[in-house]
Amino acid sequence: MLRYTEREPGDSPYATAIEGMVIMRSDRPKPPSHMIFRPSMCIVAQGTKWASFGGDQLVYRAGQALVVGVETPSTGRVVEASPGEPCLVLAFELDVAIMRSVAEGLDVAPRSSGETGRGVLVTDFQGPLADCALRLVRLLDTPSAIPALHPVIMREICYWLLTGPHRGDIARLTLVNSPSRPVLQALHDLRERFRETVRVEEMAAIARLSASAFHRRFKALTGMSPLQYQKRLRLLEARRLMISNALNVETACFQVGYESPSQFSRDYSRLFGAPPKRDATARQAALGDNRSTASRDLIVEEAA
């Protein structure tokens, strides 16, 4: 990965010829960044990172991977890195459909671990999984082989996850018959409708649970309540709109579903540490005036 980052132009994160896969390099510790994780795996080859989900913080180091099974907002930070030993991370999306297909072909189907648990975990990345990661990176040297070999490697990664020490947690997050599936269906509905006023009772009905049971399971899965989740989605989208599309504060506020600009500014400042206009201006200056660059950065943050 180090060789790849040294030969590629531009700055981290580095998009690759494999769709949904990026390589990230940090030569020094970085302040926290806000993002939306999709179902994905983030492998640390060198250095140390942490990611927080609600009130839970997970640290993952060289030889470990963060596995995210649910689309959720997060805050992440590089905590160990230097020019001599940069933090190197390989991040790629996990295809839940492939995971289910692999699970169906196993002689012994994996069983879900418990009712509803956290939607993220840290696992050691060694042996067969490390070999898969190495082959993914090597594929970048032969782009013509990617269409044929990438799907095979991803199926192998799914196999080792579903038969490894965390197979129960992986099954809970990805399989159709998992107790988490009804909550995930409601979560996806909220993700699509985050600009609207959505009552907890509506989401509970989608999950076929009581409001109290749904609230408890949703928080166990994402680390935050349904309303906190919705608020985080709104603020992240508003920030993207102001930076990428140059929307003013009031327009972004109403576009993401807020009714009060003053409440929006308070929530925004609490999350990002600065008022909306000042934060957006600073981010635009850091990224440059090129809107495509700003958009690319935010899209990669969401993917990784």
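**Helix packing, aromatic pairs and local sites**

Helices α9 and α12 lie oblique to each other, in a scheme where angles under 35 degrees count as roughly parallel, over 145 as roughly antiparallel, 65 to 115 as roughly perpendicular and the rest as oblique. The model is a predicted one, in which local features need pLDDT of at least 70 and side-chain atom pairs count only at pLDDT 80 or more, while totals for chains, interfaces and linings use all residues. Residues are numbered from 1 along each chain as its sequence is written, and side-chain values use heavy atoms, with hydrogens and water left out. Helices (H or I, at least four residues) and strands (E, at least two) are DSSP runs, numbered from the N terminus.

The packing angle of α9 (residues 226–244) and α12 (residues 276–287) is about 55 degrees, and their axes are 9 Å apart; axes here are lines fitted to C-alpha atoms, for helices over the stretch in contact, and angles run from 0 to 180 degrees between N-to-C directions. The crossing of α9 and α12 is right-handed, a crossing being left-handed if the near helix is turned anticlockwise from the far one by less than a right angle, and right-handed if clockwise. On the α9 side the contact (heavy atoms within 4.5 Å) is made by R239, M242 and I243, and on the α12 side by P276, D279, A280, R283, Q284 and L287. Sorted by class, the contact of α9 with α12 has five nonpolar, one polar and three charged residues, where Ala, Val, Leu, Ile, Met, Phe, Trp, Tyr, Cys and Pro count as nonpolar, Asp, Glu, Lys and Arg as charged, and the others, Gly among them, as polar.

Two further helix pairs can be read in the same terms. Helix α3 (residues 128–139) packs with helix α4 (residues 146–163) at an angle of about 160 degrees, their axes being 10 Å apart, and α3 is therefore roughly antiparallel to α4. The crossing in which α3 passes α4 is left-handed. From α3 the contact takes in P128, L129, C132, R135, L136 and L139, and from α4 it takes in I146, L149, H150, I153, M154, E156, I157, W160 and L161; by class, these are 12 nonpolar, one polar and two charged residues.

Helix α6 (residues 181–192) and helix α8 (residues 211–222) have axes that come within 10 Å and cross at roughly 80 degrees, so α6 and α8 are roughly perpendicular to each other. V183, L184, A186, L187 and L190 of α6 make the contact with F214, R217, F218, L221 and T222 of α8, which by class has eight nonpolar, one polar and one charged residues.

The aromatic residues come next. A pair of aromatic rings is described by the distance of the centres and the angle of the planes. The structure holds seven aromatic pairs, counted when rings of Phe, Tyr and Trp (its six-membered ring) have centres within 6.5 Å, with planes under 30 degrees apart taken as stacked, over 60 as edge-to-face and the rest as tilted. F37 and F53 form a tilted pair, because their ring centres are 5.7 Å apart and their planes stand at 35 degrees. This pair links distant parts of the chain, with F37 in strand β3 (residues 33–37) and F53 in strand β5 (residues 48–53), 16 residues apart. Both F37 and F53 are buried, where buried means under 20% relative accessible area, exposed over 50%, and partly exposed in between (1.4 Å probe, protein chains only).

The rings of F264 and Y268 also form a tilted pair, since their centres are 5.7 Å apart and their planes are at 55 degrees. F264 and Y268 are four residues apart in helix α11 (residues 261–272), and are therefore separated by about one helical turn. F264 counts as buried, at 0% relative accessibility, and Y268 counts as buried, at 0% relative accessibility. Y258, F264, Y268 and F272 form one aromatic cluster.

Some single sites complete the tour. L90 has its place in strand β9 (residues 87–93) and is buried at 2% relative accessibility; apart from its neighbours within four places in sequence, L90 is in contact with M1, M21, V22, I23, M41, C42, I43, A133 and V137. P13, in the loop between α1 (2–7) and β1 (14–15), is buried at 12% relative accessibility. R208, in the loop between α7 (200–207) and α8, is a residue other than glycine with a positive phi, near 55 degrees, and counts as exposed at 78% relative accessibility. A246, in the loop between α9 and α10 (249–255), has a positive phi near 60 degrees and counts as partly exposed at 44% relative accessibility.
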